[in-house]
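Take a look at the protein chain below. Then read on for a short tour of its contacts.

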Amino acid sequence: NKMVNKQFASIVFAVMMLLVFSSCADEDTFTTSLFCDFISDTDRNGYFESRNYYTFHDLHDVGRSDDITGMKYLGSTITFEGIVPGELMRGDVLRDVYIEVKGMKPFLYSSSIRIEFDNEKLSYSTRDDPEFYDFMWDVMHRFYKKEELDIRVYGWVTHNNAGVRDVRMRVTLDNLVDVTVRDYWH
């Protein structure tokens, strides 16, 4: 009979601890970003390509103990620039720029982006481009479901229809999301 009482007391203690810890769980929603950075050199034909892999740990301001329970996509900004001055010059054209996510059809972001000024840094937002918004919404939805993102950006730098070699290209994708986390340690 003492054994049964001990087991019962252990079960009651375990249930109470579970209730205490579950009541300590705190849900919090905040805006954060997944910043994707792609750096590559053009080859002799002007081709550039960079691939990166991201997980929830790459989300800004999300701790390792946080359990992500929700994510709402807000928008993205894509930026094109040369790493150092002199890389992208007036008259250069970025051609056939694609964003490709593993498991999805490649997305042609733009067939032609003209560089108007030497060392220009070009940024575009999903606010101005519904097709880009829809694609990135799908990307971030996939990221939330799979908890990972294998993403690649590629295209060509040309000048007078010829490839420009040795351009150190930087393409960034800054993706804003509202994230809901359950943190057990608050």
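This report covers confidence, the core, ring pairs and charged pairs.

**Confidence**

This is a predicted model, where local features need pLDDT of at least 70, side-chain atom pairs count only at pLDDT 80 or more, and totals for chains, interfaces and linings use all residues. Residues are numbered from 1 along each chain as its sequence is written, and side-chain values use heavy atoms, with hydrogens and water left out.

The chain's average pLDDT (the predictor's confidence in each residue, from 0 to 100) is 88. A score of at least 70 is reached by 83% of the residues. Helix α1 (residues 2-24) has the lowest confidence, with a mean of 62. Strand β4 (residues 92-101) has the highest, at 98. Helices (H or I, at least four residues) and strands (E, at least two) are DSSP runs, numbered from the N terminus.

**The core**

A nonpolar core is a set of buried Ala, Val, Leu, Ile, Met, Phe, Trp, Tyr and Cys residues joined through side-chain atoms within 4.5 Å. Buried means under 20% relative accessible area, exposed over 50%, and partly exposed in between (1.4 Å probe, protein chains only). The largest such core here has 42 residues. Leu59, Phe80 and Leu173 are among those with the most contacts inside it. Elements giving two or more residues to this core include β1 (26-41), β3 (67-82), α2 (130-146) and β9 (168-183).

Leu173 shows how these parts meet. Beyond its neighbours within four places in sequence, Leu173 is in contact (heavy atoms within 4.5 Å) with residues including Leu34, Ile78, Ile99, Phe132 and Ile151.

**Ring pairs**

Rings of Phe, Tyr and Trp (its six-membered ring) pair if their centres lie within 6.5 Å; planes under 30 degrees apart count as stacked, over 60 as edge-to-face and the rest as tilted. The count comes to twelve aromatic pairs. Tyr47 and Tyr154 make a tilted pair, with 6.4 Å between centres and 50 degrees between planes. Tyr47 sits in strand β2 and Tyr154 in strand β7, 107 residues apart.

Tyr154 is buried, at 11% relative accessible area. Tyr154 also pairs with Tyr98: the centres are 5.3 Å apart and the planes are at 10 degrees, so this pair is stacked. Tyr98 belongs to strand β4, 56 residues from Tyr154. Tyr98 is partly exposed, at 24% relative accessibility.

**Charged pairs**

A salt bridge is a side-chain nitrogen of Lys or Arg within 4 Å of a carboxyl oxygen of Asp or Glu. The structure holds six. The table lists some of them.

| Salt bridge | N to O distance |
|---|---|
| Arg170 and Asp37 | 2.8 Å |
| Arg152 and Glu49 | 2.9 Å |
| Arg182 and Asp67 | 3.8 Å |

Arg170 lies in strand β9 and Asp37 in strand β1, so their bridge ties together parts 133 residues apart in sequence. Arg152 is in strand β7 and Glu49 in strand β2, so that pair ties together parts 103 residues apart. Arg152 is buried, at 13% relative accessibility, while Glu49 is partly exposed, at 35%. Salt bridges that share partners join Glu49, Glu100 and Arg152 into one network.

Asp150 is also found in strand β7 (residues 148-159). The side chains of Asp150 and Arg51 are joined by a polar contact of 2.9 Å. A polar contact is a pair of N or O atoms within 3.5 Å; within protein, one must be able to donate a hydrogen and the other to accept it, and residues adjacent in sequence count only if both atoms are side-chain atoms.
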